[in-house]
Amino acid sequence: MTRQEKIRNFSIIAHIDHGKSTLADRILEKTQSIATRDMEDQILDNMDIERERGITIKARAVKLNYKASDGETYEFNLIDTPGHVDFNYEVSRSLSACEGALLVVDATQGIEAQTLANTYLALDENLEIIPVVNKIDLPSANIEGVRKEIEDVIGIPADGCPAVSAKTGLNIEDILEKIVTDIPAHEGDENAPLKCLIFDSYYDSYRGVVIYVRVAEGKLRAGQTIRLMNTGATFETVEVGYMSAFGLVPAKELSAGEVGYITASIKSVADTQVGDTVTNDENPTAEPFPGFHAAQPMVYAGIYPADGAKYPDLRDALEKLRLNDAALTFEPETSIALGFGFRCGFLGLLHMEIIAERLEREFNLDLVTTAPSVIYKLTMRNGEVIYIDNPANYPDPEQIAKAEEPVVKASIIVPTDYVGGIMDLCRDRRGDYKNMTYIDKTRVELHYILPLNEIIYDFFDALKSRSKGYASLDYELDGYSESKLVKLEVLLNGEVVDALSFIVHADKAYSRGRKIVEKLRDNIPRQLFEVPVQAAIGGRVIARETVRAMRKDVLAKCYGGDITRKKKLLEKQKEGKKRMRKLGSVEVPPETFMAVLKLDEE
Amino acid sequence: MQKNQKPLGIYVHVPFCVHKCAYCDFYSVTDMELMREYTSAVVAHIRSKKKFLKNALVETIYFGGGTPSLLPVAQLERILNAIYSTAAVAPNAEITLEANPGTLTSKNLSAYKKMGINRLSIGLQSADDEELSALSRIHTRAEFENSFMLARMEGFDNINVDLIYALPKQTKAKLFSNIDYVISMNPEHISLYGLTIEPETPFGKNKEILSAIPDEDEQYEMYMSACKRLEECGYFQYEISNFAKKDCGCKHNLKYWMNKEYISFGPAAASFVENTEYTYARDIELYLSNLKNEKAIRQPDEETGETEHVLDEEELETRFVMLHFRLRAGINTGEYQQKFGLSFEKIYEDKLEKYMKDKFIVRTEHGFRLTRRGMLISNTILSDILEF
């Protein structure tokens with residue numbers, strides 16, 4: 001056997017919580033890439049946030065050696081994929097670096113929306129799919145039922161497919177053998193011009209950008225001048241090598257079929273976008289990989305430092321994060337209410353939450369985030385077409401001939417018992433019902449066209465709560481659709497607060513306005529004077545509440561022993577005041593903005 | 001006063017309680033076995049300060065708690081004698097004992113009187129037995145009445161009664177019946193405290209209790225009308241929570257608010273002498289063992305709550321403003337100028353204007369004071385005007 005014939009490149013795809021990361025850990029352990037006692041749970045999920053949320057945000061890859069029952073030792077390259085719809089493009093690029101995929105399905109849950117979505121992505125890349133039924137140690141596991149469901153719904157043979165428990169390690173060998181026998185080796189000419197696919201990259205403060213690639217054709221060496229075909233940038237490679245479970249291992253060369261990394265003193269991951277083709281600058285390949293596109297933000301929000309003086313720190317932090325996240329965009333913006341900050345673009349709401357959390361956690365920043373907005377497409381009376389990602393820039397309605405908003409094609413899988421509630425929810429979110437198909441006797445798949453605007457806040461949470469957690473969701477962008485939009489403004493003490501205004505469908509303006517003033521009434525601390533809170537459309541007030549004046553804030557007792565404590569208390573109170581944003585004469589804590597953001601939760 | 005004698009207040013913390021009340025976070029223990037050892041430690045502690053005390057003129061002594069009236073008379077006397085023999089005590093010194101209704105008998109009252117105690121502070125809290133039991137107090141209104149009468153019979157002519165307002169489920173009418181009852185007993189002094197919820201107490205952790213507390217607007221109503229009623233009945237409001245008949249303000253507590261020096265003995269007690277704030281550990285065992293080892297003062301230690309801090313000029317100024325604004329008399333700008341060499345009016349010009357506009361602060365003959373509305377939001381005002 002040639003070296004290439006012994007390489008197996010594969011991914012694991014699954015719905016969230018079906019055990020993808022646990023299975024990856026078990027495979028690492030069984031191939032003895034790491035000793036059991038050194039195992040920290042979920043090796044591939046490196047970031048704290050990933051581990052806490054139990055999701056994979058960035059792809060990772062690792063090279064393993066497996067001695068199969070035929071006596072040969074095979075080289076496995078396990079490429080992990082992000083498990084959330086915000087990162088679908090990254091998933092598809094990771095998959096295209098593979099020849100096969102393990103499709104993990106929870107034996108107690110069966111197929112879910114992301115199972116299907118990821119399977120379709122894998123099929124698009126012509127991958128060999130090995131179904132794996134996981135969690136068979138659970139009492140409610142239904143192995144045969146799930147196998148049948150895979151055959152019926154996805155249409156791939158699953159009879160006798162591996163049934164395992166990633167948690168206990170039961171039957172993991174079956175999977176390893178299947179990888180050897182079923183997943184084809186890569187076929188690529190080692191002597192052709194160099195052609196590699198970038199499926200991930202990250203910034204390392206010592207090495208610069210580390211690019212993860214799959215070599216499709218040719219050979220990759222240190223000291224070569226490489227060209228990134230879509231960006232056109234050229235670099236001299238400093239080091240090439242493999243990813244082991246313990247870190248990067250330099251190698252002399254990587255040849256067709258292998259998965260590895262390149263360092264080339266590159267300063268930003270923006271230069272090494274996922275999906276781009278790496279080739280030899282002097283002797284380039286004729287055809288780059290198809291399907292490349294730069295990451296496109298779908299959701300925008302203003303991010304401001306709670307303490308205005310921290311603006312430069314926020315800028316530095318965003319720049320650092322962008323080194324590692326090509327999908328994050330940001331531009332300086334100024335808000336009357338919030339001062340200097342940035343308009344940031346994200347792949348989706350999860351991406352936004354992760355960035356905000358990382359800014360707060362890794363850079364110790366206290367942030368105010370405005371309500372997320374999608375990009376609206378407006379055709380003006382003079383024929384000009386403009387795109388608006390910031391409600392503050394929404395033009396005078398008189399000048400708008402046609403307003404459009406982005407919509408998504410959503411697929412929701414839900415037990416039949418909850419279909420009614422879910423359909424109500426979709427209707428409430430202005431969903432356009434397309435059709436419904438039965439997965440089996442107890443579950444259906446619903447198809448809707450939904451405005452993106454309606455699902456970026458909390459649609460997923462609402463979906464879960466109306467289905468006792470059983471519903472699953474997947475969606476993809478589906479262009480723009482004409483809509484009756486209005487800009488809702490919020491006034492505190494008679495002054496418009498730009499950071500609180502948002503764009504909403506006309507039919508929902510009243511109820512949203514009502515809710516927002518109630519939320520603000522409950523979340524704005526009492527001031528020295530009474531503060532009216534109003535919601536208005538084009539100057540017309542549609543809802544009003546009042547924040548009553550502060551009446552009592554006093555320490556009843558202040559004797560000898562209380563004095564030091566009282567001073568600390570006042571100090572803390574002063575510190576808290578510093579975090580307040582002054583909106584006209586009203587002081588509002590940053591949390592208020594977050595509370596308004598979570599408007600739809602009830 | 002002899003030459004070089006520094007006026008001083010002495011506070012003795014007696015950290016024993018029959019049991020801990022559900023809302024209270026003052027330091028106390030229920031192990032009465034420790035009393036004898038505690039007394040010896042306090043006596044040793046007092047003697048260890050001989051050098052400092054011999055130059056002082058003690059104008060006030062205050063036994064606070066805890067429940068000082070739980071301490072056997074003989075032990076209280078040992079502590080007082082230690083003070084008398086170590087420091088010069090002014091002949092007209094105010095000597096206060098905090099007492100719980102129900103712990104007072106004619107026997108211990110007459111002993112108190114004999115040893116020089118001339119002021120009692122009785123923790124009534126409420127005149128309603130249902131409210132008292134909700135507060136987990138150990139006494140009833142009848143027991144209070146009995147204690148109060150006995151004290152009068154033993155000749156105590158300077159008595160304070162503590163009341164709490166904004167109790168869970170309390171209405172304004174209920175509060176007024178409490179206040180009117182206390183007024184009818186005719187004490188010299190009344191303290192009226194808003195219930196403060198301390199997060200680490202059973203009250204602070206009980207959602208049902210928390211939700212039954214009158215809201216901010218009701219509390220405002222209660223406080224404003226209670227102050228008014230008390231003043232109508234001859235109790236002048238001289239501090240946020242304190243009311244007294246003419247010349248009956250608590251001299252010891254006034255030392256705190258007027259930024260005078262006081263020294264304290266006992267665990268969790270705080271001193272302010274020579275511009276230094278000192279707090280002993282909230283830990284009786286530690287207090288006892290330290291004194292046994294003749295280490296009256298340990299190194300400051302955050303874990304035990306032991307702190308020592310020398311105040312710089314700015315901190316002294318903060319302390320001055322913060323405390324004086326608790327008083328009806330307010331800030332005397334002349335005294336301020338003399339102390340800090342600065343003009344109060346100039347330094348706080350903008351802030352004064354802001355708060356005077358809405359009548360939270362007003363001018364007095366000698367300076368500025370908070371109005372009642374201002375007092376009620378004094379945390380907000382102080383945290384705004386003071387620099388830390």
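Tutor: A salt bridge here is a side-chain nitrogen of Lys or Arg within 4 Å of a carboxyl oxygen of Asp or Glu. Keep in mind that this is a predicted model.

Student: Okay, how many salt bridges does that rule give over all chains?

Tutor: The general idea first: side chains of opposite charge can pair when their charged atoms come close. In this structure, the count comes to 58 salt bridges over all chains. One pair to look at is Lys6(A) with Glu72(A), whose side chains meet at 3.4 Å, N to O.

Student: Which parts of chain A does that pair tie together?

Tutor: Lys6(A) sits in the segment before β1 (7-14) of chain A, and Glu72(A) is in the loop between β2 (61-67) and β3 (73-79) of chain A, so the bridge links parts that are 66 residues apart in sequence.

Student: Let's go to the interface. What area do chain A and chain B bury between them?

Tutor: Interface size is often given as the accessible area lost when the parts come together. For chain A and chain B that comes to about 3,400 Å², with 55% of it on carbon and sulfur atoms. Arg551(A), Lys552(A) and Tyr559(A) supply 21% of the area chain A buries against chain B, more than any other three residues. As for who takes part, the contact draws 28 residues from chain A and 42 residues from chain B.

Student: And how many salt bridges are there between chain A and chain B?

Tutor: Seven salt bridges are counted between the two chains. Arg551(A) turns up again here: its partner is Asp217(B), and the closest N and O atoms are 3.2 Å apart. By class, the side of chain A that touches chain B has 11 nonpolar, four polar and 13 charged residues.

Student: Now helix packing. At what angle do α3 and α4 of chain B pack?

Tutor: Helix α3 (residues 73-86) of chain B and helix α4 (residues 106-115) of chain B pack at about 10 degrees, their axes 11 Å apart. Angles under 35 degrees count as roughly parallel, so α3(B) is roughly parallel to α4(B). On the α3(B) side you'll find Val73(B), Leu76(B), Glu77(B), Leu80(B) and Tyr84(B), which meet Asn108(B), Ala111(B), Tyr112(B) and Met115(B) of α4(B). Those contact residues split into seven nonpolar, one polar and one charged.

Student: What about the backbone: is the peptide bond from Gly65(B) to Gly66(B) cis or trans?

Tutor: It's cis, with omega near 15 degrees. Gly66(B) is in the loop between β2 (56-65) and α3 of chain B.

Student: Where is Glu274(B) found, and what is its phi?

Tutor: Glu274(B) is in the loop between β10 (270-273) and β11 (276-279) of chain B. Its phi is near 50 degrees, a positive value in a residue other than glycine. Lys359(B), also not a glycine, has a positive phi of about 60 degrees, and you'll find Lys359(B) in the loop between α15 (349-357) and β14 (361-363) of chain B.

Terms used: Residues numbered from 1 in each chain as written. Chains lettered and ligands numbered in written order. Predicted model: local features only at pLDDT ≥ 70, side-chain atom pairs only at ≥ 80, totals over all residues. Heavy atoms only, no water. Contact = heavy atoms within 4.5 Å. Buried area = accessible area lost by both parts, 1.4 Å probe. Nonpolar A, V, L, I, M, F, W, Y, C, P; charged D, E, K, R; others polar. Axes fitted to C-alpha atoms, helices over the stretch in contact; angles between N-to-C directions. Helix = DSSP H or I, 4+ residues; strand = E, 2+ residues; numbered from the N terminus. Parallel < 35°, antiparallel > 145°, perpendicular 65-115°, else oblique.
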